[in-house]
Amino acid sequence: MFFVGRKKEDISNMRKRLALLLATAMVVCSMTGCGGSSGGAENGGGSGSSIDTMVLGVNKLNGVFNQMFSTSAFDDQISDKIFSNVCQLDKDGKLVDNAGHVETEEIKAEDGHEQVKYTVSIKKDMKFSDGEPVTIDDVIFYYYVCADPTYDGNSTLSQADIVGMKEYYYDTKDYKKLVKEIEDKYSPENISEEDFIKYLIDTKCADWFDDTLPGDVGDGRSWAEYLKDEGYDASSIKKPEEMLELLAKCEYEKYAENYDPLSYYKQKVIKKNLGKGTKVEKIAGIEKVDDYTCTVLFDSVSIKGDREVSWIPITPVHYYGKDFKKGDLSSIKALNGKPLGSGPFTFKKYDNNLVSLDANPYYFEGEPKIAHLKFQVVNDEDKLDLLAAGDVDITDPSASLEIVEQIKDDDNLTDSLVDNPGYGYIGLSAERIPDKNVRKGLMHLMNRAPAVQSYYGELAEVIERPMTPTLAEYPKDAKEYYGYDKEKAKEYFEKAGYKKVDGKLVKDGKQLKITVGIGEASSHPSTPILTQMANDLKSLGGELAVNDLEPNVLFNKVQGGELDMWVQAWGNSTDCDLTQIYGSKGGSNYSKYYDSKIDDIQAEILKTLDLKERSKLVAKELDMIMDAAICMPVYQRKNLEVYNAMNINIDTLPKNITTYTNILQYSTDIEKVEMN
């Protein structure tokens, strides 16, 4: 089976946030082995900077400039300049005031269980760029859009334990009864073949089939070739709809466990019921206090609650909500390419890979010093040349030793290097390599430090736990868990029952053979690790087959569970919640390792508000994950932001450029920047 964009867990919700994070990391990986980014090749004209215009060189854009629906971190770079968040992150990644404030209060419910009330307030007398006043209704509007049962953006607010959220989402006060009825008919163990295949056809196999013939499944094979390899004859099919029917039959009969018909039918039932009239108009836990204040009541303690209700863009209801009604977000999506907000800049146009913004005279921090911003899509390999030529003022080329040396040699350029909020890793499948001793043996064959040092030098560091060290909870004193040691590896293989017979490492007559996937191996920092690993395993009598794959093919194979091991990266992590990746119900638990003890400690982490106590729990959780031998953290690299000092007044840049405070990604103090 070739798995494209499908997973067993809740496709429409559980995966949204991590899909965005991983998709961003994959794009960045595609150029230079998780050390670079995949810039667009297109170039718009007339983008040169001037005394009142600053040009930023950016990667390819999708044109969705609304963070409620964007799926690209590069689009968000534009949105961040147009919208104001209630709160934002400071240089250490902690939540601080911006256009507003959030207060947290733990209270007792009538039955005695703990609840948390968040009081969200915004500054008075703010205006949107069209001159309309900003009120708390614009914050509440954001909540209702993201809580809508038809919402398919990247926010996970509808999954938050807000009082009344489930009643609103399912549009019934007796939502438990409705959920049970749906599950009784459409859960994996209950759904009929007819309903399952209807789901596959309606969704075109979870948006995999593209209605083209001969088509491409994603690895170069046509649909007919794929089906032939799976044992189905499609040679006589001439129409796309007939090919889809056979594809649906194949997927149902062979790979049903990788699809999620339950979520599809939940949505279908909800939409059908909404068509008969809305029964639940309000979310009980969200209350407006006055024009500048509201409260949001969570039914349980959550470390992410304050961010979920305040690290959000203030979204003008008078603009986006004119035709908004529950169950229909089409009017809001229609404005994705025409954003309006209360941020430092206002949208002018997007044309020929060039986004133009103008200073917002109503910005609450004061009108920006620079009158115009232009975002020019450029190739990654061209970024530094364009910067040196003065065609671009700020950009983010892939951080490499060569690039850093070029910057040092040019007196007109200056830069900032900050830790990337993500990490590169090597994953292992507990499903395909079920014996933990085998996995531990493989971990001891990963010689990370020489590879990272050779590729990155000072631009990356080896890390010891599967979490970005930019997070406050990361255990700074973490020691190496699996050092490179061939003898230790051999011991673990022997514990697993393998013996060397006639030069081969075998068990029950079968040689130890492992398959690992890596994207664009010729330029990947982890390639030397795999090369040495293959040689070492060969000397022990085993075999490591290294598959050099296109990044999208690698991603699909990882999702489909087709590899024993894989090399990837996580990116843009802003909190310590690892339930999606390592929880038993996590939509991105690609290792397929399920441990109730890890689930329990993750649940405890999510309700521990005290940072010191939470950090202790996180350290314990990470040790448990390391002991499971399902992920070898490899490196955390640096992100590079470069400035043309001939064009920009360097003294007006933010004083503390960090992971969470910078110009391109977070628009930190951009209104204060001046041109020369």
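Keep in mind that the model is predicted. Helix α23, which spans residues 611-628, turns up in several of the points below. It holds Arg-614, and it packs against α16 at an angle of about 95 degrees.

**The three-stranded sheet**
- Three strands make an open sheet in the order β15-β16-β17, and the pairing is antiparallel.
- β15 (499-501) and β17 (510-511) are the edge strands; each has a single partner strand, so one side of each has no neighbour in the sheet.
- Strand β16 covers residues 504-507 and is joined to β17 by two bridges, with the two strands running antiparallel.
- If you want a residue pair to look at here, Val-506 sits opposite Gln-511 of β17.

**Where α16 meets α23**
- Helix α16 takes in residues 436-443, and its axis lies 8 Å from that of α23 where the two pack, at that angle of about 95 degrees.
- α16 is therefore roughly perpendicular to α23, as angles of 65 to 115 degrees count as such.
- On the α16 side, the contact uses Lys-436, Arg-439, Lys-440 and Met-443, while α23 brings in Met-626, Asp-627 and Ala-628.
- Sorted by class, this contact has four charged residues, three nonpolar ones and no polar ones.

**Arg-614, a buried arginine**
- Arg-614 is part of helix α23.
- Its relative accessibility is 10%, so Arg-614 counts as buried, the cut-off being under 20%.
- The Arg-614 side chain reaches the backbone oxygen of Thr-608 at 2.9 Å.
- Setting aside neighbours within four places in sequence, Arg-614 is in contact with Ile-303, Glu-473, Cys-576, Ile-605, Thr-608 and Leu-609.

**Tyr-481, out in a loop**
- You'll find Tyr-481 in the loop that runs between β14 (460-462) and α18 (486-495).
- Tyr-481 is partly exposed, at a relative accessible area of 31%.
- Not counting residues up to four places away in sequence, Tyr-481 touches Glu-464, Arg-465, Asp-623, Met-626 and Asp-627. Met-626 and Asp-627 are also among the α23 residues that contact α16.
- Tyr-481 and Met-624 are 143 residues apart along the chain, and their C-alpha atoms are separated by 11 Å.

Note on methods
Residues are numbered from 1 along each chain as its sequence is written. This is a predicted model: local features need pLDDT of at least 70, side-chain atom pairs count only at pLDDT 80 or more; totals for chains, interfaces and linings use all residues. Side-chain values use heavy atoms; hydrogens and water are left out. Two strands pair if DSSP finds at least two bridges between them. Helices (H or I, at least four residues) and strands (E, at least two) are DSSP runs, numbered from the N terminus. Buried means under 20% relative accessible area, exposed over 50%, partly exposed in between (1.4 Å probe, protein chains only). A polar contact is a pair of N or O atoms within 3.5 Å; within protein, one must be able to donate a hydrogen and the other to accept it, and residues adjacent in sequence count only if both atoms are side-chain atoms. Contact means heavy atoms within 4.5 Å. Axes are lines fitted to C-alpha atoms, for helices over the stretch in contact, and angles run from 0 to 180 degrees between N-to-C directions. Angles under 35 degrees count as roughly parallel, over 145 as roughly antiparallel, 65 to 115 as roughly perpendicular and the rest as oblique. Ala, Val, Leu, Ile, Met, Phe, Trp, Tyr, Cys and Pro count as nonpolar, Asp, Glu, Lys and Arg as charged, and the others, Gly among them, as polar.
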